[in-house]
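Please keep the sequence and the coordinates at hand while reading.

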Amino acid sequence: MSDFSLLAALWLSAFTSATLLPGTSDAAFAAFLWQRPEAAWAAWLAAGSGNTLGSLTSYWLGRRLPERAGKLSPRAVRLLRRHGAWLLLLAWLPLLGDALPLAAGWLRLNAWVCAAALAVGKFARYALIWQAAGWLL
């Protein structure tokens with residue numbers, strides 16, 4: 001399989017992992033690093049951008065929800081109201097992380113601040129995985 005195909009699969013895994021769809025981007029990223037350590041920068045860019053765009057898709061969907069949407073995570077809404085858009089730095093966390101961008105969009109938080117927080121958090125997450133993989137390999 002070509003590096004391009006592997007990077008595209010990694011990007012798709014990262015994208016779906018950031019939405020409400022299931023995904024295993026952490027494992028896919030680590031496996032890519034193990035198989036192709038010379039392409040680590042490309043893998044980091046693919047995983048980070050895919051995961052960021054997946055969360056931005058959730059944000060966009062949240063913006064389209066009616067104001068009276070009753071199925072949003074009350075915890076995510078409460079936390080975002082209290083801490084603001086920069087809480088999206090933690091949108092990579094299991095369970096609550098998928099709900100944060102959706103709730104941020106529903107709350108109509110500033111899109112640029114949300115995008116910046118999501119990108120910083122997502123790329124930092126994969127940088128930590130990259131670092132951990134370097135210690136293990």
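In this predicted model, the end C-alpha atoms of residues 83-103 lie 13 Å apart, and the span is 43% helix and 0% strand. For residues 40-62, the end C-alpha atoms lie 33 Å apart, with the span being 100% helix and 0% strand. Both spans come from an unreviewed UniProt entry, which lists each of them under "transmembrane region". The two are set out below.

The next topic is a packed helix pair. Two packed helices are described by the angle between their axes and by the distance between those axes. Helix α3, residues 40-64, packs against helix α5, residues 96-106, at an angle of about 40°, and their axes are 6 Å apart. The crossing in which α3 passes α5 is right-handed. On the α3 side, the contact is made by Ser55, Ser58, Tyr59, Leu61, Gly62 and Arg63, while α5 contributes Pro101, Leu102, Ala104, Gly105 and Trp106. Sorted by class, this contact of α3 with α5 has 6 nonpolar, 4 polar and 1 charged residues.

There remains the largest pocket, which holds about 270 Å³ of space. Its lining consists of 19 residues, and those nearest the centre of the pocket are Ser17, Trp92, Leu93, Pro94 and Arg125. By class, the lining of the largest pocket has 10 nonpolar, 5 polar and 4 charged residues. Which helices each supply at least two residues of this lining? They are α2, covering 25-35, and α6, covering 111-136, and α6 gives the most to the lining, with 4 residues.

Conventions
Residues are numbered from 1 along each chain as its sequence is written. This is a predicted model: local features need pLDDT of at least 70, side-chain atom pairs count only at pLDDT 80 or more; totals for chains, interfaces and linings use all residues. Side-chain values use heavy atoms; hydrogens and water are left out. On a 1 Å grid over the protein atoms alone, a cavity is a set of points where a 1.4 Å probe fits but cannot get out, and a pocket is an open set with protein on both sides within 12 Å along at least five of seven lines; lining residues have an atom within 4 Å of a point. Grid points are joined across faces, edges and corners, and a volume is the space filled by probe spheres set on the points. Ala, Val, Leu, Ile, Met, Phe, Trp, Tyr, Cys and Pro count as nonpolar, Asp, Glu, Lys and Arg as charged, and the others, Gly among them, as polar. Axes are lines fitted to C-alpha atoms, for helices over the stretch in contact, and angles run from 0 to 180 degrees between N-to-C directions. A crossing is left-handed if the near helix is turned anticlockwise from the far one by less than a right angle, and right-handed if clockwise. Contact means heavy atoms within 4.5 Å. UniProt positions are given in the numbering used here, feature names are shortened, and annotations may be inferred rather than shown by experiment.
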